[in-house]
Structure formats: C-alpha cells, structure tokens
Number of protein chains: 2
Amino acid sequence: MPRPKPLSGFPEFLPEARIVEQHVLRQLQETFELHGFASIETRAVEPLDRLNKGGEEIDKEVYVVRRLHAEEDGRAKGDDLGLHFDLTVPFARYVLENAGHLQFPFRRYQIQKVWRGERPQEGRYREFTQADIDIVGSGTLADHHDVELPLVALDALERLHTDIGLPPVLMRVNNRRLAQGFYAGLEIEDVAGVLRIVDKYDKIGPDAVQDLLTDDLGLSAAQAASCTALAEINSADTSFVERVRSLGVRSELLDQGLDQLAAVVDAAAAAVPGRMIADLKIARGLDYYTGTVYETELVGFPSLGSIASGGRYDALASDGKTSFPGVGLSFGVSRTLVPLLAKGHLTASRPVPTCVLVAVDSEQSRDQAIAVATSLRRRGISAEVAPKADKFGKQIRYADRRSIPYVWFTSSDTGAGGEVKDIRTGEQLPADPARWEPDEADLRPQISGHWGTEGS
Amino acid sequence: MPRPKPLSGFPEFLPEARIVEQHVLRQLQETFELHGFASIETRAVEPLDRLNKGGEEIDKEVYVVRRLHAEEDGRAKGDDLGLHFDLTVPFARYVLENAGHLQFPFRRYQIQKVWRGERPQEGRYREFTQADIDIVGSGTLADHHDVELPLVALDALERLHTDIGLPPVLMRVNNRRLAQGFYAGLEIEDVAGVLRIVDKYDKIGPDAVQDLLTDDLGLSAAQAASCTALAEINSADTSFVERVRSLGVRSELLDQGLDQLAAVVDAAAAAVPGRMIADLKIARGLDYYTGTVYETELVGFPSLGSIASGGRYDALASDGKTSFPGVGLSFGVSRTLVPLLAKGHLTASRPVPTCVLVAVDSEQSRDQAIAVATSLRRRGISAEVAPKADKFGKQIRYADRRSIPYVWFTSSDTGAGGEVKDIRTGEQLPADPARWEPDEADLRPQISGHWGTEGS
C-alpha cells in the first residue's frame, strides 16, 4: 500500500497538536459545566429533509449517507440520511424529540464534528469541530439569557487567554430589533435587503453602501444616509444609545433593541472589560436571528473570521403547539486551532502524556521496571516502561526524542527504589517510586502560545 | 414540525445518561494516558477502496458518503468516501501517512464513533463509540507488548469496577501460534477450517464439533478428538501448558505459542488476579490475528458479548518497504453502556453539572445573584442563577426537579453573603460565597451502579 495522502478539507492532527486540542476542549467543557450546561451528543446523521430546511444554499453542502447496497436505488430521497452541517439543527430535533424528558430552560453544550461538502479553501473545512452552547426555553425564554450567554463564551475564551496565552477576543454585538425598529422608523420595508447591503460595509466602505441602498433598493438619500450613520456606530459602553437617539429615529421596536443591547454591553463591561463592543454594522445573522447577535474576532487574527457566533432565535424548534425559543453561540474549534497550530502559534511541551520513562537494562529486570511504573501510575504520574532493554544512553535518547522529562533507573546498583534523572538538567537522584513527585509543571504536557502579529 | 422519532440503531442519551458516559470516557482516557498512550482522532471518512479491503462481508456494512450534488454521477466509485466502520483501518492509514512524524513504538488511544450499515437488532448499532488502544512498531514489535496491552485494558476496566461498581470482567486469551502449531503437529493443513468449526464450540458442544471436524474437514477421529481436547483446556494460571503438553502434540510453533500465552496469563494473575484466563477454544479473530488474541466478558452480562477484543497483527500496515506490526484492543463503549443505561444499571446523581442554584427573589437582585455564582465558579463550584425571580418555594422546586443539591439565597434579610440550603436535609446556614464548600461528594454528579443478575 503506497503512502496515503491527506484528504483536502479533512484536517487531522499529529499527537502534539492533538494534545493542544484536548487541552482547549477540556477548558471549554469545564467552563460550560461551571455555568451549569449539561453535555449532549447527537448522532452524526439527520434525515435529509430536515437538513434541507435551510434552503438552496445549504443543500449543496450536505453529505448524503447511504448503505453501500442501497446505492442501487438511485438518487437521494427525503428519508435518506445526511451528515449534520451544524449542531443547531440536530439540537432543535433533539429538543423536540425529548421535550418530555428535559427540564426547561434547558442549558446544553455540545462539542462534535460537523461536515460540509464545501470546496476546500483556506479556513474552510469539510470536517470540523464546533463547540456550541445554547439555552432553550419552552414557550418563553427571558431576555436576561441574551446577557448571560455571551458572558459564558467570554469566560471560556478569557480562560484560554490567561491559561495558554490565546490572544484576547473582541466580541461584536448587535440586535435585530434595534436594526428593524430603526429601519421601520425610517419607513423602510425591505429590512433584509438593507441588512444584505450593510453587511458589505467593511469590504466596500460607507459611500458604496449608500450608493447601493439608493440605487438597488430605491431608498431616498436621507434614508440611506441614516442607515450608514447607524452602521458607523459602535462603543464599548452604552454610549451607543445616545448616538443612535441623536439620529432622530423613533420606534418602539428600536427602544426595545436599544435596551436589550445596552444590557448585554453593560454586563460584559463589568464582567470582562474590553472584550465586547456594540457594533451596529454587524448584519450577518440578523436575517435569521430575532434578537441579539454575536460575532467574535481573535484580536490580531482577522483572517480567521468570526471564531464564535450566535444569537437569539424566537423559535429554535416548534412542534406546532409549543415553540422553543433559544439563544446560542457556536465556537469554531477547528476554525481557530487548525491554522494556529499549523503556524506554530500553539505548542505542547511533549507529544506524549508520559512523564517518566522507566529504563530497562536487561529483560530480566523488566518486572522490576513494571513495578516502578505501576507504583507511579497509582499516584497519577504517567509512566511507560522502555520497550527495549538497552544501555542507559539509548534510554535517555528514547525519552529525549519524545521530550519525556524524567528517566527512572531501577538497576540494582542504584539502590532499592532506584534513581531518577531529569534529562534536561542531568540531575540524577535516588528516589522511592511510592513517594517521588515530579515538578508540578512536568506532570502533564504544558501548552504554550507563541504570538506575534498575524503571519509573523 | 411533528415530534421526531428516534432513528433505529443510532442511540442517543438524555443528559443524565450522557453524564455517565462522560465519566466512563474520562476514566478510560486517564488510564490510557497514565500508561503513556497519546490520543489521536482521525477523520470520519476513508476512501471506499480502503474500507473494502476487508472483503465482501464488510462491503455491505459500509456507509457511502457523497456531496448531494455529486449524486448525479451515479453509483459509488473507489475514490468515493465511506464512513469508517472501526478505528483500526483509519489508524493503519494514519500510521502510514504520518510514519515520518511519529516515534515508534507508537502508543495511541482513540475514542470515536464508528458506523456500520447493519440491520439494527439487540446489541447492534449503526453508530457507536469505540475506545481503542494500540501499540505499533516500525519493522518489529517486541512480544512483551502482548503482555502489556491487556494489562492496560484490565487496569481501565478494574478502575470502572472499583469506581462506579461496573461488574468485574473476565478476559479470555488464546494464541494463534499455539493453535496453528498444535494443528500442524497433528498434520492438519486447513487451520482456518478447524478454527471456524471450533468457534462453534460454545453453541453446539464438543460432540458436534468433533462430528463437523471429521465429516466436513475429513479429519481422522484421533485428530478431531485432539482438537476438541485442546478446545476444552482453560486455566487462570499457567497450568494449561502442562495440559496441552499431555495431549502429546509437539511443534516449535506450539512451543512459542505456549510460552507467549503463559507470559500473558502469568502477568495478569500477578497484576489483576482473577480477571484473565487462558481459554483455548477462543477462535474468533484467530484467523486474522497472528499471535495473542483477547476477548472480554462483563461477568453476569454474557448477552453483551465481548466488550473488549483485540490481538496481535504482524502487519497492521505496510508501505511495501516497512511493515508496522501492532497489538491492540478495542473497548465497545456503546455496546456496554447503551444496554446498561437503558436497564437502569448505571445512574448519575443529577442530570446537570450544577451544584448550586442561586435564587433570585426579584429581578432587581439578579446582579447580586450573578455575583455569588461568579464567586463560586471561580473556586470550581458549578452554579447557575435562577432563570426567573420567584418565591423561595418555587426556587427550591426548580432545584429539586434537577436534583441540584444546594440553593443559595442572597436576599438582603439573610445577611451579607447570604444563606445556603441543602435541599435534601432542609438545613440552611449563613455562608460566604468566597469560602463556602459543598460536600466533596456533591461537587460533581456521582455515578453509581445498581446490579443484580442480568435481566433483574
């Protein structure tokens, strides 16, 4: 069998990178659980007709899944299966299916792979890991959850910042009611049309946006000017409220939106200062979210796009009688880690969990080495026994190639318990496997960040 | 949208069961890492022609994966993708693809879902989780790894036994060289044929096995009698060696097999007494493994089948120049947990990670409640704030429905920090959120086992 080549769009990690990913996932999980979110996992597949609800654009990205022998039946049908392309569609189905067994508001996190049949390109994958948090209510869901949810995400991202030195994030927040109320106050009917054009603001600039609003949508120059003026507003505190009011537009919906957004920004400024701004040009998602929307940039890495996005749905799911409103946020684990790992921004101190290699100088002493390793493991110290009886120098090279920090020698001439060598300093001391402790920092692989500006 | 129905063969857990699964997975992972195994994850898909190597029988079980718009191209081709049906095929491919970046012997664990398009039935799933450990060498792999690997698996299973009360296991071990050497010593050529018939021993009994060996394979009565005599031998110590020798068959390969099997059983008897026996009628897997083979029964639950199986391959993978021998074992996580959870044998003390519900008596005091929750979380105590300002009785019912053990009251008339109530005992005491600790056992959901004999 010739050496296989990687499949484009299906990233896989070498063991060292996987250790970094595991660390990040564990941190996310711990933060989510501290906030009372329960884990669920859903099956990888959903009926195709459920995945197709998203409309034309998503259709093409869906991977159809069929038993090999079912292939003879020809083309895909609605009751065929497809791989899920996000974690929201399966979560909505899970909520409907199990509503009778869940307690609402239901707080769940879900960390799983998703699949999209996209053309592979920089930053786009066909298989990638997402970490989602959602709070979903039965019938109603209080507005304060719109404030709570981004704080959970920011808590998780801040922990990664302080713990492994991931760059800080900047979360941009907007509100559908604010935008819709503002446009309604201006007597603009095509809200979705305006949002679609405002979404280009960062790419084409305010003048081009204004031109498109008048030329394509037929807005008056005054209406278009107000729309761009709104898009220009952002603030890390609630001062955006006054700036919006100064534009002179009034509507009840706008007031609701301003109140909601102010509450979100206020809470974030108190909890994690400098990590969130109200940014009224954020339009992406506003056409299907119904309240607050969130986008998140890793500071210094704009090319990654938004690494954590989400918002409020009035009906995440509905069974006809009961609707289930929700607010959620999805962190793009692969979207963030794959490029950062590829560029060497995140590394692990070793590619193995092993803290101690127990040397074997002859096959006759292997049992003695196994006893030492067993004793260390009982106290939570990862240990492996050298696979080959060999000279001490070779054993040290074996450990060194894997960056295992300690080698334990059990040879009879080193005394009862043996001796342990820190192969970085060369220091070798007598030690008792029932009592010896490694440096705290050596117990597990350490993750560290190596940052410059992007591309450096 | 009407209430969706579960998909047969795709088990999903409610949050409480998922907490049990997470606990089990964490225990497995910790044990594997203590033994120096590094985690890898491989993509869900492999090229179809790689999945097809297993032969006809596997073909039918493979799920083909294709982009929706590629469906027009008609039937599956070799370069199409399929979902992996085990973790061995993708691991072998990963080793070949990354051999230049790995250190051998390479110790890896891999916990992932696999998919098989089987007809769903009791104990068979279309999507299920496996936890695999393998040690793979480049060119060669020492025999002592055949001894080491089952001890890692037994260490993990024993920890689940002592920790959550999972029943003990009994691992049955056999050796391909022993069987092959024995049959060669009897001048039987059709080793695979004999193994296929001996595999029915437990179902049809020794007489029927003997009949099949003479009638179907044309063995002499003496040869057939020796084969069934071999199959009858089992022992928890190395006494099986003498019993085999007493059958009077001699061959070099048989000696090798006896030595290898004796070493495995000896080590297990010392490390985890009573958990392993040499069982010379174990034939399943002997036709594709090349040395030791392992099967594992959960004592009292024979209907689960083997929950952890594996063995030695002389060539897990080969690129034509280098071959990669390996020894591995796969634990069927879903195969074990799905039926045990369905029958109530394993439960979690609560379906949420939350340890403390911080009550809110009016929306004005929500910020105070959030501050208490934040303070608790900083010290690793999972807390959530009541979603609705409500009377104390309703707050306690909210916690009770989720089995959250503590409710924290911040109302101004309970003093500065507030008071915390253990809702099980009703005891309520003043507490400081910066110092208060729950009972150790309440910090996280506790897993417990409820066992009788099977079906009880």
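Counting over all chains gives 52 salt bridges, where a salt bridge is a side-chain nitrogen of Lys or Arg within 4 Å of a carboxyl oxygen of Asp or Glu. This is a predicted model, in which local features need pLDDT of at least 70 and side-chain atom pairs count only at pLDDT 80 or more, while totals for chains, interfaces and linings use all residues. Side-chain values use heavy atoms, without hydrogens and water.

| Salt bridge | N to O distance |
|---|---|
| Arg66(A) and Asp80(A) | 3.9 Å |
| Arg312(A) and Asp146(A) | 2.7 Å |
| Glu158(A) and Arg275(A) | 2.7 Å |

Let's see where they sit. Helices (H or I, at least four residues) and strands (E, at least two) are DSSP runs, numbered from the N terminus. Arg312(A) is in strand β11 (residues 308-318) and Asp146(A) in helix α5 (residues 144-164), so this pair ties together parts 166 residues apart in sequence. Both of these residues are buried; that word means under 20% relative accessible area, with exposed over 50% and partly exposed in between (1.4 Å probe, protein chains only). Helix α5 also holds Glu158(A), whose partner Arg275(A) lies in the loop between α11 (252-271) and β9 (276-279). Glu158(A) and Arg275(A) are both buried too.

Is Arg66(A) buried or exposed? Arg66(A) counts as buried because its relative accessibility is 5%, and Asp80(A), at 12%, is buried as well.

Salt bridges also link residues of both chains: Glu12(A), Arg43(B), Glu46(B), Arg93(B) and Glu97(B) form a network.

Notes. Residues are numbered from 1 along each chain as its sequence is written. Chains are lettered from A and ligands numbered from 1 in the order in which they are written.
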